[in-house]
Structure formats: C-alpha cells, structure tokens
Amino acid sequence: MDRNREGQVKDLEKDIQWDIVVIGGGATGLGCAVDAASRGFKTLLVEQSDFAKGTSSRSTKLVHGGVRYLAAGDVALVYEALRERGLLLRNAAHLVKKQPFIIPCFSVFEQLKYVVGLKLYDWLSGRFSFGSSTILNKKSVEKALPGLDSTKLRGGVEYYDGQFDDARLAVNIAQTAIEQGATVLNYVKVEGLLKSGSKVSGVAVRDLETQITYNIKAKAVINATGVFVDDILSMDKPGAKALVRPSQGVHIVLDKSFMPADAALMIPETSDGRVLFAVPWHNYLVVGTTDTPLDKNSLEPKALQQEIDFILQTAALYLAKKPTEKDVLSVFAGLRPLAAPTKNTGKTKEISRSHKLIVSDTGLVTITGGKWTTYRKMAEDTINQVIQVAQLSKAACKTEALAIHGSTTQKLGNHLDFYGLDAAHIQNLMKQDSSLKALLHPKFPHYLAEIVWVTKNEMARTVEDVLARRLRILFVDAQAAIEMAPKVADLMASVLNQNEEWKAQQISNFITLANQYLLNKHPVKPTYKEDQLLTKA
C-alpha cells in the first residue's frame, strides 16, 4: 500500500474531526471507505483483525446474480447483482473472470425448466451479459466436466457467471481506499462509541499492536461489521434487539483430479433445497456450501461434522471418483450476516439476502446483509444515507467507473496475474535480489519475493495474514500452509524488524489455527525449531 501501517497509525494521533469513520474491514466496510474517500470525505476505516478475516474471505468465490434468488422470485435483487457483476469484471479485471457453469440434467423436462429460467437470467443481465445459456447433450457435458458421474445423465444446461478471489479483492479495495485519501487500518479495535449529547460523535479505539488507545472524533460513524453488527449496536444502545442472524456456510477443497475441468458444476437442488457448487479455483476444486443457522458469531468459525458429511455425500452423487474425508485438503467455514427474521423458523434460506440500512436515533448508520457481488452498491447506498444523516456536503458517487487497485486486462500467464499491475513490482524485487526467486514450497508457484511484497505493501502483519488471505494457501492446502509457516515467519520478521520470540509465536499460532482446517490428519504440534528458518544473509 502506498502508505504503510505505521504511517497511517499516526493519523489517529491527530486532533481532527473525521467526516466518516467506518467500523469493519470486510467487503462492505472497505467499499464504504472507497466510496466516501472518492467523494472527498475525510475517511477512516478500522478493522479489529485483518481485512476480510471473517465472512469476506470465506465465500464460494463467485461473482454472480444469484440463480437461486431468481427461482425465489427476487427479480430486483438479481437484476442489481447482475449489473454489479458486470461492473466488477470491468473495474477489477485482474481478479474477476467469466466462468462457465454446467447444470447436469437427467430428463428433458429438467433441461427445459432450467434453460427457461436461465434465459431470463441472461435477459436481466442486459449489456452486462457474460454469455448466453445453452442446452448441452450428454456428450458435450461429459467433455466439459470430466470426472462427472454420467450414469443416467440426459444432458445439461450451460450458463455463465463470474469467479474471483475474495480476500485478494478486499486487499486491493483497501489499497484503492488509501489511494483515494482514506486512512485504512487493520488490528485496530473499537472499544466504545463517543457521544455528544444523545448523538454518536466518534469512536474509542485501541491499536492491538501497541495497546495505545485513541478517541476519534467523527461527524458520522458507519457500523459495517457483518455478523458483529449487534456488538456495535449494543455499544450504542445496551440491550438493543438483535439485527443479524448468523448462518454458517462450509466449503471443502479437493484436488482438481476429482473434476479436472475449466467449467464449474452447479447442483441446482440438494437434499436441503439449496444449491451446491464445485468450482475450479487456484488449480483446486472448491465444493460447497451449507446453510446452518447459528446463535453466536466468531472470527474463526468451525465446520460441523454434519456439514462436512453433507457436502461429501452430495458431491459423491455427482462425481465419478467419490471423495472421502481423507481427500479433503482444507475445510473452511464462514458466517453470513443475514437480517434476522421476525419469526424464528430455524431456516436461514428464508432470511433475506438483500442488504438493509438502519439509522439509529443516535445517528449511527448500520449496513448489513447483502453479498460480495453487490458490495459497491451497498456502499453507495450507505454513503448516500450518511450524507443525509450527518448533513455532509452533497457529492456524487464515483465508484461505478473507478478502477480497483491493480486492475488490468494484460496477463503474464502465471500466478502473478492475480496481483494485477503489482506483478511488475514483485518481478523487480526478484531482479534486485535473486535469492527472492526461490519458491516458498515445491507444490506451489509462489516466490519468496511475494512474502516481502505483501508484508511491505499489503499491510500483512502475521503469518496467518500471508498464508490465509494474501496467498490463500491455508484455504486450499492446510498441510502445505503449515510447512510454509517457518519461512514466512522468517521473511516477515526481517521486513518488520521482529525478533526470534515473535517468529516462534507466529509459527505456533499459525499451526494451531491451521490444524482446524485439516480433516482426519494427525495434528501438527505447534513447536518451533531454529533449523526450520531460512538462513539469514
């Protein structure tokens, strides 16, 4: 990032009144920071952990209108999402791509039913279309989806949506906000709301790295904390009624040999009435998701055994090679911040996926619900509301045509493409220091230079930040991520001027976390050995 974390923390020390303070560094909060800063408002965003630590790094990796929502009759939501899908493809061209999906069909009736609905989906996308849906015969489906169990298969329907890397897009949105003039900080926790009379006038925050506290004055405060919105609402009004009902979604990751295809598999109706996807991602296969109502939230939710069993059993109905627990390379769970229902039915499928804006009597603005694809529109609606509530100077939204940091259509043809325009900087690091050309791990194409880059320029502060959200290794192969941890800690320590104790603690913390992503494996004991580290130059 153009301004490192240390430089940005100094902004907290300034005795100024911010126009807008955003609480929450997920997709919605980061979108709000970009929107506000690009309109010229003095903007601060604080996140208690790393950017996209929670929900925003644990999606199915789809940029989509939501075929299922169309089947439910929510045409307005689908239309909005399809439009935003098109804008994301244009504005974050290095991370968003068109992705073919195939629905296997076992009767002519199924083919006709799905193609009719998908033609409406195509029509709603208008000028933002990703491609036309078509009926495929059995042979075409088998060719497009090698690894599919074609027993009793009649044919299929192909349609197009988008795919992306969620956590990496979040980091790039944070960089965009900084480039627009915002101050954006991870590992800064809100500990209370400041008030002037009956109105919110700022936030009390603590820098979790230095433990220094700051009172931040603001004309407006946005609560964009996802599944944690009720925690902030309780600071505003103790005992406030819950606004969010968390729903857990779990994904498993398999080797791509289970379905070595460029197309993705879409299972339109599972035993619980949901859809299930098997999507190629970073040369692996991501399969999910579930929809399990929960009564509590967590920064690091854990997959339930019944969720893992459900995904494996459903996948086994469609894949020729039947996956078992021993085949799972990583399992991750995320919580969706769904607007709480007025009646507790126990079924989160019935809870709205559209976003909701709430303005408290104190002037606190809360944004919740929604989905990754519509993050930009959610932010636009939020800042429009904030301008009214805080009586800020009117300014038009500029994000429809604002390129996200790194966006480019030029490709190198290797994994560095997901850095976009920043790939050139990583290549320059390797030219300056040939030792950084070494691979981080024999199973992956990542260079040591990438660790240096993301630590210096993407505000990565921990080994977890790097392996979970900058490089995504934890999400595709937890065992390999554990093996990488010592090298990552050593390189980060050199950049951040940290000592051996810090390295040991980082390795231990990460191994403890990564064990939660492993199934049926012997847990790795979080110990530290000096010979695991790279030899210093």
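Good morning. The structure shown above is a predicted model, and every value I give is computed from it.

I begin with the overall form. The protein has 537 residues, and a compact globule with that number would have a radius of gyration near 24 Å. The value for the protein is 23 Å, so it agrees with that expectation. Along the principal axes, the C-alpha trace spans about 70 × 55 × 45 Å. The chain contains 16 helices and 18 strands.

Next, consider how the chain is packed. Of the 537 residues, 60% count as buried. Among contacts with a separation of 6 or more, 72% come from residues 24 or more positions apart. The accessible surface amounts to about 21800 Å², and carbon and sulfur atoms account for 51% of that area.

I turn now to the interior. In soluble globular proteins, nonpolar side chains tend to be buried together. In this model, the largest nonpolar core holds 95 residues. Which residues have the most contacts inside this core? They are Ile20 and Leu474. The element that gives the most to the core is helix α15, residues 478–496, with 12 residues. A second, separate core has 30 residues, including Val141, Leu276, Leu319 and Val331.

Ile20 deserves a further look. Leaving aside residues up to four places away in sequence, Ile20 touches, among others, Ala36, Phe41 and Leu44. Its partners also include Ala220 and Ile222, as well as Ile383, Val386 and Leu392.

A cis peptide bond, with omega about 25°, joins Gly288 and Thr289. Thr289 belongs to the loop between β14 (284–288) and β15 (292–293).

The other two positions have positive phi values. His282 is not a glycine, yet its phi is about 50°. This residue lies in the loop between β13 (276–281) and β14. Arg472, also a residue other than glycine, has a phi near 70°. Arg472 is placed in the loop between α13 (463–470) and α14 (473–476).

Is Arg472 buried or exposed? Its relative accessibility is 1%, and buried means under 20%, so Arg472 counts as buried. His282, by contrast, has 34% relative accessibility and therefore counts as partly exposed.

Thank you for your attention.

Conventions:
Residues numbered from 1 in each chain as written. Predicted model: local features only at pLDDT ≥ 70, side-chain atom pairs only at ≥ 80, totals over all residues. Heavy atoms only, no water. Core = buried A, V, L, I, M, F, W, Y, C linked by side-chain atoms within 4.5 Å. Buried < 20%, exposed > 50% of the residue type's maximum accessible area, 1.4 Å probe, protein only. Helix = DSSP H or I, 4+ residues; strand = E, 2+ residues; numbered from the N terminus. Contact = heavy atoms within 4.5 Å. Rg over C-alpha atoms; globule rule 2.2 N^0.38 Å. Areas by Shrake-Rupley, 256 points an atom, 1.4 Å probe, with all protein chains shown as cover.
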